[in-house]
Structure formats: structure tokens, C-alpha cells
Amino acid sequence: MDRVTNSKGRAGPKIGSMNCNGLGNKSKRNKVLTWLQQKQENIIFLQETHSTAELETEWENNWQGKIYFSHGSSNSKGVAILIKNNEDIEVKKIKHICQGRVLLLEIMYNSVKYCLVNNYSPNNDDHGFIENVFTESLGRSREDYLIMAGDWNTVLNNDLDKLGGTPQHANKYYQSYINTMISDYGLSDVFRRSRGEERKYTHFNKTYKTAARLDFFLIDDNLCDFPVCDTGISHGYNSDHSYLTLNIQGSTIERGRGYWKFNNSHLQDEGFVAEVRRIIEETTNSSYDSYTGLWDVIKFRIKDYAIRYGSNKKKEVLREKDKLLKDIEKIKSTSNFMNVEALRSELFEAEVELIGY
């Protein structure tokens, strides 16, 4: 995977991210853009921009650099990625994963390839939405470092990332699915990785007196090994969300995450085969830019299902082994069990079955 070309000592991206609570108002928009222009970050993710195609020129006139939009409406949604002038950033690909919600840019910055994903999740625990965000982000022919950020409208840890309100965040599926993606695909919540159990929040609700870390960066594990990989949370500007920063500098020896190997024994399970066929048919019936893109997504979805299937099978085997061990221990704890033919037979069968595992 050729992500880095002679990048030792080169500057990496400095990225900011903020839910700006709507910039349809011209006065507020100009103030926020001026405030962001003074920040050290050279790439800015904005969520809830309330931008429209008709106002693109007004935005661009007040920003010294490039702006990549995924519009919502004048009073809802909208995301944008802002890049400052005089930066050695070449945008290779733009993809609207979900209009007004998720924008993906593949870029080359100082000879290093990155994929930037700006996400603004709807506050309704939408299964299809969050699954599609990761399918499109991870299912590409990846030759880059993945950096995802935005307002996810959930927390990753109920104990550390929320204050007040109910013990469990309402968007439970978001939480579970994102944590699964982190575990299975070599991603890191860079704040939690670098700050341990520090409690810091990015959204505050004065009415309900609650706080939560709804906004965060998810990045490739390998980026955490760079000489500098740090994230921060500070006050936002005219918003109830904080301003997030990610600073990556230098380079690392490319280690990769190793190879995932398909377990051919899964093909002996008719249920597994049937689900794979369903995935292929469902994906083929969707719309994609090219056959290559379609093939990449099919491979990703099959891999994702195979990993979850294998994990569940492993857990099932461990449960069955644990039950057998308990049954064997129970029989052996019975006094004079060797003199009871039924117990001897049951013990023999359990130990033979255990050997099979």
C-alpha cells in the first residue's frame, strides 16, 4: 500500500472540525469564516452549514482558499470541507456519500495520500445511514490514510463521554456499529487513545443540563504512530458544539494491518452462502459510478459479513466448549460417578465432543 512517498520530516495536515449550527445568516457566516481563517488548521470540516448552491459565491468571496460543498437546505443539514490557500493539497476525488450529510475527499498532501470524510449523522439512529458511511469509506481501493470526523450524534462510551441525562445514549445502534468498525478495521478514536479516561465534552445542552462528546475524529491506527498525532477540544464560535483539532506531523514506517484471510469452511454453511448471495444481489441492484466501485463495495460487504459471522461462530464455539467443561466438571464432582454407568457414558461422550473442538 503506497500511502507515503519519501515523507520523512514533511508537514502533515492540521484539521479542524465544528458543527457550526447553521451559517445561512450572512453576518454570522462571515464572522465564523473570519474566525476560522485565523486558526492554525489548514483543512476545516464544517457540519450543519445550511448552505445552498445559490450562496456558494458568497461563501467563496469570504474564504481565502477552496471550499467543497455538500449542500443541504437554507435551514437544515449541509457539510463542507474548507482548504486554505497556499497549501500543497491536490484533491484527487470528491464523493457525496449522502447529500448534505457526508462528503468524502481523496487528497494528496506533501506526497502523502489521505481520505477525508466529513460526517453529520442524523439524530435518529438510522441503521442504513451509518452503515453506508463506513461501506463507502472503507470499501474503496484504499491506498491512503483514512481520517473521519464530524458530528456523529452518539457517544462511543456511555461512562466517559456523556454527563447527565439517561445512562445510555439514545442512538444505541450508531454507538455499537461505530465501535465494531473501530475494532474490526484498524481505526482509532484518537482522543480516547491519547487522553485515556479524560472526560471532555463537545456538545452542551443548557435546557436539559447535559453534555456529551458527540464530535470526534476516527483515524487509521497507523497515523497514531506518527511523531506527532494529537487532538484537541476547544470552544466553538457561536455554536453549542466545540471546535476539534487534529495535528499530524512527520511519518512512520508503513506496517499495514496484515492480511485478512477468508475462512473457506464458512462455505459449508448454507445460511452463510445464502446471505453472501443476498449481499451480492442487493449491492448489484444499487447505483455505482463504475464496475470497479461496485466490485470494491461487494468485496467490502462480504468481508464485513464474514468477519462478523466468524466472530459470532467463535463466540458460539467458546460457549459450547465452556458448557462441556462445566458438564464434565459436574459429573466428576459427583461421588462414585465411576460406578454409575449412565454418568460414565455421559462423561465419555462429553470428552469426545470436547476433543472435536
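Predicted model: local features only at pLDDT ≥ 70, side-chain atom pairs only at ≥ 80, totals over all residues.
1. Is S111 buried, exposed or partly exposed? Its relative accessibility is 28%, so S111 counts as partly exposed. N110, with a relative accessible area of 14%, is buried. Have a look at the backbone here too: N110 has a positive phi of about 50° without being a glycine, and S111, not a glycine either, has a positive phi of about 70°.

2. Now for the sheet. In what order do its strands come? Reading across, you get β5-β6-β7-β8-β13-β10, an open sheet of six strands with mixed pairing. The edges are β5 (89-98) and β10 (187-189), each of which pairs on one side only. From one strand to the next, the twist averages 20°. As background, strands of a sheet pair through backbone hydrogen bonds, either parallel or antiparallel.

3. β5 and β6 (residues 102-109) run antiparallel, and eight bridges join them. If you want a spot to check by eye, find H96, which stands opposite L103 in β6.

4. Next, the helix lying across these strands. Helix α3 (residues 127-138) lies across β5, β6, β7 (112-120), β8 (145-151), β10 and β13 (215-220). Its direction makes an angle of about 150° with β5.

5. On to the aromatic rings. How many aromatic pairs are there? The count comes to 13. Take F134 and W152: their ring centres are 6.0 Å apart and their planes sit at 25°, so this pair is stacked. The two come from distant parts of the chain, with F134 in helix α3 and W152 in the loop between β8 and β9 (162-163), 18 residues apart. Both F134 and W152 are buried. They also belong to a cluster in which ring pairs link F134, W152, Y173, Y177 and F216.

6. F272 belongs to helix α6 (residues 270-284) and Y305 to helix α7 (residues 291-332), so the pair ties together parts that are 33 residues apart in sequence. Are these two buried or exposed? F272 is buried at a relative accessible area of 1%, and Y305, at 14% relative accessibility, counts as buried too.

7. Rings can have charged partners as well. Look at Y120: the charged end of R101 sits over its ring, 4.6 Å from the centre.

8. Last stop, helix α1 (residues 26-37). From first C-alpha to last, its 12 residues reach 16 Å, close to the 16 Å expected at 1.5 Å a residue. Which residues of α1 are buried? They are K28, R29, V32, L33, W35, L36 and Q37. The elements covering them include β1 (11-19), β2 (43-47), α2 (56-61), β4 (79-84) and β15 (243-249).

Note on methods. Residues numbered from 1 in each chain as written. Heavy atoms only, no water. Pairing = 2+ DSSP bridges. Helix = DSSP H or I, 4+ residues; strand = E, 2+ residues; numbered from the N terminus. Axes fitted to C-alpha atoms, helices over the stretch in contact; angles between N-to-C directions. Contact = heavy atoms within 4.5 Å. Phe/Tyr/Trp six-rings, centres within 6.5 Å; stacked < 30°, edge-to-face > 60°. Buried < 20%, exposed > 50% of the residue type's maximum accessible area, 1.4 Å probe, protein only. Lys NZ or Arg CZ within 6 Å of the ring centre and 35° of its normal. Expected span 1.5 Å × (residues − 1).
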